Amino acid sequence: MNNHEYYIARCIELAKNGFGTTYPNPMVGSVIVYNGQIIGEGWHQKAGEPHAEVNAIRSVKDPSLLNKATIYVSLEPCSHFGKTPPCCDLIIKNKIPNVVIGTVDSNIKVAGNGIKRLREAGANVIVGVLEKECYELNQRFFTFHEKKRPYIILKWAETQDGFIAPLTKKEQKPVWITNSYSRQLVHKWRTEEQAILVGTQTVIDDNPKLNARDWEGNNPIRVVIDQNNRIPKNAHVLDNQTKTIVFSKNKTTVSSENTIFEVIDFQENIAQQIVERLYQHQIQSVIIEGGAQIIQTFIDAALWDEARVFIGNSKFGTGIKAPVLNKTPSKKEKIGTDELLIISNYD
Ligand code: AOF
Ligand code: ZN
């Protein structure tokens with residue numbers, strides 16, 4: 001690791017302090033270095049509040065060093081007036097001569113403009129240090145801005161013999177394939193994403209609450225695909241406890257503050273329409289939890305970024321077949337008796 005990488009790695013570490021609080025903004029960290037010493041550090045804490053560079057510059061005790069220093073930022077400094085003024089203007093005003101940037105900001109309002117402005121003002125700008133790591137730090141933000149859709153995670157659990165559910169169920173309760181540790185992990189994941197999506201069959205079969213109960217954090221927005229208006233009126237997803245969006249073929253129910261009903265065309269590519277609507281709702285990430293048919297619809301439309309597949313240790317003998325993803329997992333983990341496969345769509 002060279003010096004530039006070392007300081008950008010520190011920026012990434014600082015940026016992560018903003019985990020969970022920066023939305024819709026990305027996590028960003030910044031350090032200021034003079035003569036081989038870090039003289040200032042900062043990160044973006046919350047949307048509407050100062051950006052990482054502002055906090056780093058403010059933390060410098062001797063501002064007279066700024067015109068000889070290097071500022072490192074994990075993301076291109078912004079060039080626009082958003083909720084806060086442009087960071088590149090602040091860097092220029094403070095006459096910081098060297099700027100090292102992790103990765104370009106793909107937000108259309110910035111997109112290379114920050115780098116251009118800094119260079120025009122005479123700064124020495126280096127771009128693309130630990131670029132992959134800086135990109136991965138804000139994968140959801142970048143996917144949202146570049147692909148005009150949320151980052152999509154598929155999650156399912158299957159038995160040793162490849163079934164996701166039994167063929168018929170006696171009770172409206174989930175049949176557990178995984179152990180309690182895996183189930184808790186899923187609740188943690190729910191707090192990390194902005195939305196959770198299922199089909200009506202899952203609502204009818206399991207009556208899930210789709211909130212995060214076993215882990216402290218935010219509840220995701222619930223999204224249900226209900227082609228034929230089959231959701232039972234007393235389903236947990238319609239309890240108004242958290243925001244819910246229901247997509248169906250025609251509108252039979254009036255939306256309320258927390259439960260929004262929207263119509264889509266089921267003759268067309270459903271997955272594409274759904275992700276476009278989620279984009280309009282400013283949703284940067286979604287975890288799709290089933291059932292098999294809905295997940296397969298997103299796989300077939302090539303609309304997924306990551307899959308997280310649990311393999312439990314039981315066998316059903318018969319049942320509903322798990323979705324098919326012909327890709328080698330990039331990571332395998334043991335969670336007690338379960339196995340967790342992480343499959344990336346990009347490896
Ligand atoms: C930076 N440093 O720390 C962050 C940046 O509404 P605003 O003013 O907060 O601007 C938000 C946009 O600024 C956000 O979408 C992203 O493009 C960029 N975020 N930029 O220079 C930061 N958080
Ligand atoms: Zn900024």
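Predicted model: local features only at pLDDT ≥ 70, side-chain atom pairs only at ≥ 80, totals over all residues.
Leaving aside neighbours within four places in sequence, Val 286 is in contact with Pro 150, Ile 152, Glu 193, Gln 194, Ala 195, Ile 196, Leu 197, Val 223 and Leu 278. Val 286 also belongs to the largest nonpolar core, where it is one of the residues that touch the most other members.

**The nonpolar cores**
- The largest core holds 48 residues, and Ile 152, Leu 154, Ile 288 and Phe 298 are also among those touching the most other members.
- Strand S6 (residues 151–158) gives this core its largest share, six residues.
- Another core, of 38 residues, lies apart from it and includes Ala 9, Val 28, Ala 69 and Ile 101.

**Helix H10 and what follows**
- Within H10 (residues 292–300), the buried residues are Ala 292, Ile 294, Ile 295, Phe 298 and Ile 299.
- Viewed down the axis of H10, these buried residues fall within an arc of 165°, so they line one face of the helix.
- After H10 comes Ala 302, which has a positive phi, near 55°.

**Trp 304**
- Look for Trp 304 in the loop between H10 and strand S13 (306–311).
- Trp 304 counts as buried because it has 22 C-beta neighbours inside 10 Å.
- Not counting residues up to four places away in sequence, Trp 304 touches Ile 152, Leu 154, Phe 298, Ile 299 and Asn 345.
- From Trp 304 to Val 286 is 18 residues in sequence and 9.7 Å in space, C-alpha to C-alpha.

**Around ligand 1**
- There are 18 residues around ligand 1, of which Val 28, His 44, His 51, Gly 82 and Asn 107 come nearest.
- By class, this shell has nine nonpolar, six polar and three charged residues.

How values were computed: Residues numbered from 1 in each chain as written. Chains lettered and ligands numbered in written order. Near = placed C-beta within 6 Å. Nonpolar A, V, L, I, M, F, W, Y, C, P; charged D, E, K, R; others polar. Buried ≥ 20, exposed ≤ 12 C-beta atoms within 10 Å, placed from the backbone. Helix = DSSP H or I, 4+ residues; strand = E, 2+ residues; numbered from the N terminus. Arc of directions from axis to C-beta. Contact = placed C-beta atoms within 7 Å. Core = buried A, V, L, I, M, F, W, Y, C linked by C-beta atoms within 7 Å.
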